[in-house]
Amino acid sequence: MEYIKHAAQGFQWGVEKAAELGYQYVEPMIHTGWDLLSEVDFFHSFSTQEDPLLMRDICRRAGVQVSSISGHSPLMKPEAAVPRLTQAIVFAAACGAKFVNTDDMNKPDWMDDELAHTLMKYTLTKANFVAQRHQVFICLEPHGTYSCTSAGLLRLVDLVPSPWIRVNWDTGNFYLAGLEDPYQGLERVREHVVHVHAKDISQQQSQAERGLVTGTPVGCACGEGEVDWERVIKILDPLDREIFLSVECGQVDEAERSLAYLKKLLGTKLLTD
């Protein structure tokens with residue numbers, strides 16, 4: 001639902017627009033507390049102070065379902081991440097979604113690697129108890145200090161051995177970080193992937209930022225950038241499970257073109273029920 005940002009509209013508008021474009025699922029973003037821009041329908045994030053069934057009902061009325069919750073939380077900051085992640089898991093379960101996406105984010109200068117991983121293990125341990133009860137996957141995404149290499153991402157997954165801690169592969173973030181071949185990286189973590197952020201990176205952004213950042217909020221329309229989507233699908237194809245491709249782009253027209261491209265690319269692999 002990041003495509004709403006450019007339109008400066010609220011959550012319900014974004015859900016209805018997704019349905020109008022032909023999307024069957026949305027990935028809502030949640031925030032704790034109250035946000036002024038969201039309250040006046042200038043931003044699409046949904047407060048965890050609200051009833052999660054309100055989110056579910058807004059989506060149902062529009063004719064879409066919730067695939068996952070964007071619950072990105074700073075894993076190295078447990079005082080923030082534990083309540084945010086646990087609330088996101090509860091929201092996902094109430095809406096019938098099976099996935100909550102998060103990442104490690106950036107390590108502060110005063111923190112060493114050992115402390116960072118200890119804190120992330122604490123956060124994931126606490127969140128995993130809730131994930132187990134609600135049977136919702138915590139999906140770790142490449143978008144931070146440690147997660148933008150396959151080895152670093154797998155280390156995060158292994159901090160807390162659990163069937164409920166898996167990977168949300170962000171095609172654009174891993175490509176843009178430039179620390180490892182993105183397709184070899186995907187092959188190395190493939191068995192843990194249960195959800196994908198379908199994010200393409202324009203040539204202009206690639207030339208300006210690749211190797212300098214660990215991620216980006218949105219990409220260009222899928223099929224119009226640097227990501228080799230045929231190769232991505234070929235790598236994921238052997239997995240014997242349903243995988244959501246959650247499009248991340250910055251504008252409504254890009255969301256429309258992304259859907260048309262991915263439908264054509266996936267063909268008979270696309271589940272429409």
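Predicted model: local features only at pLDDT ≥ 70, side-chain atom pairs only at ≥ 80, totals over all residues.
The largest nonpolar core comprises 71 residues. Within this core, Leu140 and Trp169 touch the most other members. The surroundings of Leu140 were examined without counting residues up to four places away in sequence. On that basis, Leu140 touches Leu75, Thr102, Leu124, Leu153, Leu156, Val157, Ile165, Arg166, Val167 and Asn168. Arg166, Val167 and Asn168, which are among these partners, follow one another in the numbering of the chain.

Cys139 takes part in no disulfide, and the cysteine sulfur nearest to its own belongs to Cys95, at 16 Å. Cys148 is likewise in no disulfide; here the nearest cysteine sulfur is that of Cys139, 16 Å away.

The largest pocket has a volume of about 870 Å³. Its lining consists of 31 residues, and those nearest the centre are Ile243, Phe244, Leu245, Leu266 and Leu270. Two or more lining residues are given by each of strand E1 (25-26), helix H11 (229-236), strand E10 (244-247) and helix H12 (252-266). Of the elements, H12 gives the most, with 5 residues. By residue class, the lining of the largest pocket divides into 19 nonpolar, 5 polar and 7 charged residues.

The second largest pocket holds about 290 Å³ of space. It is lined by 16 residues, of which Phe11, Gln12, Ser38, Asp41 and Phe46 are the closest to its centre. At least two lining residues are supplied by each of helix H2 (11-21), helix H3 (36-39), strand E3 (46-47) and helix H4 (52-62). H2 provides the largest share of this lining, with 3 residues. The lining of the second largest pocket is made up of 6 nonpolar, 7 polar and 3 charged residues.

Two further residues were considered individually. Ala255 is located in helix H12, the element that gives the most residues to the lining of the largest pocket. With a relative accessible area of 1%, Ala255 is buried. When neighbours within four places in sequence are left aside, Ala255 is in contact with Tyr3, Leu21, Tyr23 and Cys249. Gln205 lies 50 residues from Ala255 along the chain, and the C-alpha atoms of the two are separated by 18 Å.

His44 is found in the loop between H3 and E3; both of these elements supply at least two residues to the lining of the second largest pocket. His44 counts as buried because its relative accessibility is 1%, under the 20% limit. Leaving aside neighbours within four places in sequence, the contacts of His44 are with Met1, Glu2, Ile4, Lys5, Gln9, Gly10, Phe11 and Met29. One of these partners, Phe11, is also among the residues closest to the centre of the second largest pocket.

Methods:
Residues numbered from 1 in each chain as written. Heavy atoms only, no water. Core = buried A, V, L, I, M, F, W, Y, C linked by side-chain atoms within 4.5 Å. Buried < 20%, exposed > 50% of the residue type's maximum accessible area, 1.4 Å probe, protein only. Contact = heavy atoms within 4.5 Å. Disulfide = S-S within 2.5 Å. 1 Å grid on protein atoms, 1.4 Å probe; cavity = no way out; pocket = protein on both sides within 12 Å on 5 of 7 lines; lining within 4 Å. Points joined across faces, edges and corners; volume = space filled by probe spheres on them. Helix = DSSP H or I, 4+ residues; strand = E, 2+ residues; numbered from the N terminus. Nonpolar A, V, L, I, M, F, W, Y, C, P; charged D, E, K, R; others polar.
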